[in-house]
Amino acid sequence: MELLTQRLFPSLPFLRSYSPSSLRLDLVAGLTVALMALPQAMAYALIAGLDPKYGLYACIVPAVLGALFGSSAHLVTGCTNAISLVVLSTMGRFQGSGDFMGLIFLLALLVGVIQIVFGLARMGNLINFVSHSVLIGFTAGAGVLIAVNQLKNLFGVSIPQTHHFWEVILHTVEKLPDTHWPTLGLGLFTIAVVLGVQKISAKLPGPLIAMVVSGGAVYALGLGEHGVRAVGEIPQSLPPVQLPLMEMGAIRQLAPGALAIAILGVVEALSISKAIATQTKQKIDGNQEFIGQGLSNLGAAFFSGYPGSGSFTKSAVNFRAGARTPMAAAYSGGFILLMLLVFAPWARYIPIASLAGILLIVAYNMVDKDHLKLAFQATRTDQRVLVFTFLATLFLELEFAVFVGVFISILLFVRKVSTPEVEHLIPRRSHLKVRAVRPGEATCPQVSIFQVKGGFFFGAVSSIEEALEQANEGKHTQIFVLRMKSVPMIDATGIMLLESLLEHHRGYGGVMYL
């Protein structure tokens, strides 16, 4: 019963030993995260093509559910840049439809259901087969797309709607003579303030300071009357309770995108959780994280949010601010709600160009140069996965780009394990041991010795058989020895290969030893 309770409520161990010092540290960390997340949430909603208020809603109830039902003590759940971009791509075909937001809530519902089903089916370990290079390549490509798509908001120009990034660049270049200079000035000013504040102190909420200052300028100078676009009215209320639009046709159309978001979301969440856990020594449960992220997306579906995941930026800030328990992430959702109720009327003056400036900095930081360098120095597999995923992100629909990266990652892994090493050995003259045959070296005409290093299973059988044939060169040695001490597993197809080898050697009077 105790185990079941902890499985259903993984935050209980933290709460049972909750102390006043933990409460104080969690409150400070939650407030710090909320101050940083407020401008980010509005900017990420802009990436998804939604009203900025939905970004705020996506960081309230989902943050609380993700904290209480996930396995990490520091992961903060909410809208993220990469998933916001996939939401934009997935919903592109529905633009202009009657109940567009109902479909957004349906997408969040589908993502949540898929993640919960995966978690209950104990499929958390499957994420281990998705190379980290997939996430690095996808995030880098998403960063490029975000930057390209925000240029129109930075320059204050209107361009035709398109999902091809090269067309966005061409249309933006064509519209450069129509640049709205006050808008561009506010965007560049925002970038300068954020970078300046970061140089002074990384602990200061640079984006929030820049947003407040630029919003104050719009209000004081009346720039809204001179063509500067602003966020507009944000309701001063609790996140409205909504019902997703339940249509079977829409479910079929949204299912591929929902699956991609579900996988990408948990890959993001687990990557962030494990990165922090290397310092805290906390054990992360992949299955529980599926359930926690699934419940947070269900919360988004019914409380006016949109699909999200664990945020690296918010989680890192939460950890550095001294958070002790998952309650810090839950408190961040509460603080964002409090800010929404108190300061919502002032949001109408926040210029879209300022959010675009913040997103350009976010996009630059999404290209993880250190990990890109590491991937290119590691293995050819890492290089291929990263490059293919990056190019797929730029040139394909984003939900399919996720699948391409995952598929290539698993394909290269399967290819590696399905080609085990087959080593031709000969006895040493002075010792009762064997060594590998050197190139061009003569081998014994009476005895053939081979060692297989890898799985003896259906995917590797043809590779092993071919390697043995090439190394043996059609010789009919009297004794055939197959060393299998480095074979970790064997299946029915592997047994059939052994039977075939045995029959072959018996056919000409030879013997086979294992």
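**Entry 1. Cysteines**

How many disulfides does the structure hold? I searched this predicted model and found zero disulfides. I then looked up Cys79, which is in no disulfide. The nearest cysteine sulfur belongs to Cys59 and is 3.7 Å away. I noted Cys79 as buried, at 0% relative accessibility. I also looked up Cys444, and I recorded it as partly exposed, with a relative accessible area of 31%.

**Entry 2. Overall dimensions and content**

I counted 21 helices and seven strands in the protein chain. Along the principal axes, the C-alpha atoms fill a box of roughly 95 × 60 × 50 Å. The chain has 514 residues, and I noted that buried residues make up 51% of them.

**Entry 3. Nonpolar cores**

I asked which residues touch the most other members of the largest nonpolar core. They are Met42, Leu50, Val87, Met91, Ile104, Phe138 and Tyr306, out of 109 residues in that core. Helix 7, spanning residues 100-120, gives the most to this core, with 13 residues. I found a second, separate core of 15 residues, which includes Phe450, Val452, Val487 and Leu498.

**Entry 4. Strand pairing**

I began at strand 3 (residues 421-427), which runs antiparallel to strand 5 (residues 447-453) and is joined to strand 5 by five bridges. Within this pairing, I located Val422 opposite Val452 of strand 5. Val452 is also among the members of the second core. Strand 3 pairs with strand 4 (residues 434-436) as well, in the antiparallel sense and over three bridges. There I recorded Ala436 of strand 4 as the bridge partner of Leu425.

I then followed strand 5 to strand 6: the two run parallel and are joined by five bridges. Val447 stands opposite Ile479 of strand 6 in this pairing. Strand 6 pairs in turn with strand 7 (residues 511-513), in the parallel sense, over three bridges. Here I found Val481 opposite Tyr513 of strand 7.

Which residues of strand 6 lie on its covered face, and which on its uncovered face? I assigned Phe480 and Leu482 to the covered face of strand 6 (residues 479-483). Ile479, Val481 and Arg483 make up the uncovered face. In a regular strand the side chains alternate between the two faces of the sheet.

**Entry 5. Salt bridges**

My search of the whole structure gave two salt bridges. In one of them, the side chains of Glu233 and Arg348 meet at 3.3 Å, N to O. The pair links distant parts of the chain, 115 residues apart. I placed Glu233 in the loop between helix 11 (206-221) and helix 12 (248-280). Arg348 I placed in the loop between helix 15 (327-343) and helix 16 (352-366). I noted Glu233 as exposed, at 51% relative accessibility, and Arg348 as partly exposed, with a relative accessible area of 34%.

I next examined Lys453 and Glu423, whose side chains meet in a salt bridge at 3.5 Å, N to O. Lys453 lies in strand 5 and Glu423 in strand 3, so this pair ties together parts that are 30 residues apart in sequence. Is Glu423 buried or exposed? I found Glu423 buried, with a relative accessible area of 19%. Lys453 is partly exposed, with a relative accessible area of 33%.

**Entry 6. Surface patch**

Finally I looked up the nonpolar patch on the surface, formed by Trp166, Leu170, Phe376, Val387, Leu391, Phe395, Leu396 and Phe400. Together these residues have about 740 Å² of accessible area. I asked which elements give two or more residues to the patch. They are helix 9 (165-174) and helix 18 (380-395). Helix 18 gives the most, with three residues. I traced Phe376 to helix 17 (residues 369-378). Phe376 is partly exposed, with a relative accessible area of 43%.

Key:
Residues are numbered from 1 along each chain as its sequence is written. This is a predicted model: local features need pLDDT of at least 70, side-chain atom pairs count only at pLDDT 80 or more; totals for chains, interfaces and linings use all residues. Side-chain values use heavy atoms; hydrogens and water are left out. Patches are made of residues with over 30% relative accessible area and no salt bridge: like charges are joined within 9 Å, nonpolar side chains (Val, Leu, Ile, Met, Phe, Trp, Tyr) within 5 Å. Accessible areas come from the Shrake-Rupley method with a 1.4 Å probe; for residues, only the protein chains shown count as cover. A salt bridge is a side-chain nitrogen of Lys or Arg within 4 Å of a carboxyl oxygen of Asp or Glu. Helices (H or I, at least four residues) and strands (E, at least two) are DSSP runs, numbered from the N terminus. Buried means under 20% relative accessible area, exposed over 50%, partly exposed in between (1.4 Å probe, protein chains only). A nonpolar core is a set of buried Ala, Val, Leu, Ile, Met, Phe, Trp, Tyr and Cys residues joined through side-chain atoms within 4.5 Å. Two strands pair if DSSP finds at least two bridges between them. A disulfide is a pair of cysteine sulfur atoms within 2.5 Å.
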